[in-house]
Amino acid sequence: MPALPDDATLYAALMARDPAYEGRAFVGVTTTGIFCRLTCPARKPLAANCRWFATAAQAAAAGFRPCRRCYPVGATAEGDPIIRDLTARLKADPEHRWSEADLTRLGYDPSTVRRAFKRHFGESFLTMARAARLRSGLSTLQKGSMMIDAQLDAGFDSASGFRTAFERLFGHAPHQMRGASDLRADWIDTPLGGMIAIADETSLHLLEFVERKALPEGLRKLSALTKGRIGLGRTAIHDATKAQLDRYFAGQAAMLDVPVALHGTDFQQQVWRALQTIPAGETRSYAELAAQIGRPTATRAVARANATNRLALVVPCHRVIGADGTLTGYAGGLWRKEKLIEIERSYAA
């Protein structure tokens, strides 16, 4: 882990509530015994009363308690009370049909909620809620039920709304995924949200969090590359992937050893294979990854290849960070990157 900057730099970041230090530095306040994120909205302490830590665990070990305003023991998104509340409600009842009126009844301004979720997740809360409801429609379609039944189970009043939401997520309209196909798509639940897994009988071809904006386009490209539609269903590879994800999140398996099919250029595949060699609990910079594959001047190309990875967690692109230790962009959301790196620290320990 990169060394912390000097105290003056950290204090200036605290006063400015600089988001660049999220997940990289925490402040313990000796007069209150509480530690915070540097972005905490609470009243700022005097510089003489500050102690600095690289991780929340270090601050806790030094005897400081986590702040109840900025929630420093979780991912950045969990520091926002609006997000904590609404994501908990969504998890408890994923089939609820959320509206802006619901948010208003809870005392929230819909525009404030929209900005908060877009800032952390890249999409609105209502979009996330619609994706969660699609899980029910997907299960209904897989049972061979009528389209209208799937639409109603997913909580959509109109067939067009259901088709649009389904195609936005899967890259294909529902009727296009009901026929015979070599590749099968299914939903896998994880502690960090739903994932779409595409597999045949021998290999995993795609594993993505459902909120990723590029997911539909990735599915369409995969369908074109494999010269066939992607159907709904489950294979033994889906079962193996789900079992390994469960073990990973339970702290029982540091790496996900699932047979994969890599769809990309020779250079992209070289980068993805190098990613699979990074041990859980460790990180690499883009420059270090470029040097590892013998292409030290190809840092930007490595970053682009990292961004086009379609096998989240199995090809662990979340283990690549900025040279200065910042958590640079992650297609699954920076909050997930924070959580994954935190989970993997236990493996390193």
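**Exercise 1.** Work out how R105 and D102 are placed in helix 4 and how they pair.

*Solution.* Start with spacing: the two residues sit 3 apart in helix 4 (residues 100–105), so about one helical turn separates R105 from D102. Helices here are DSSP runs of H or I, at least four residues long, and strands are E runs of at least two, both numbered from the N terminus. Next, the contact: R105 and D102 make a salt bridge, with 2.2 Å between the closest N and O atoms. That term needs a side-chain nitrogen of Lys or Arg within 4 Å of a carboxyl oxygen of Asp or Glu. Last, exposure: R105 is exposed at 63% relative accessible area, while D102 is buried at 10%. (Buried is under 20%, exposed over 50%, partly exposed in between, using a 1.4 Å probe and protein chains only.)

A word on the source: this is a predicted model, with local features needing pLDDT of at least 70, side-chain atom pairs counting only at pLDDT 80 or more, and totals for chains, interfaces and linings using all residues. Residues are numbered from 1 along each chain as its sequence is written, and side-chain values use heavy atoms, leaving out hydrogens and water.

**Exercise 2.** Find what the salt bridge between E344 and R319 ties together.

*Solution.* First, the distance: the closest N and O atoms of E344 and R319 are 2.9 Å apart. Then place them: E344 belongs to helix 14 (residues 334–348) and R319 to the loop between helix 13 (299–307) and strand 10 (320–321), so the pair links parts 25 residues apart in sequence. Finally, E344 is buried at 2%, and R319 is buried at 2%.
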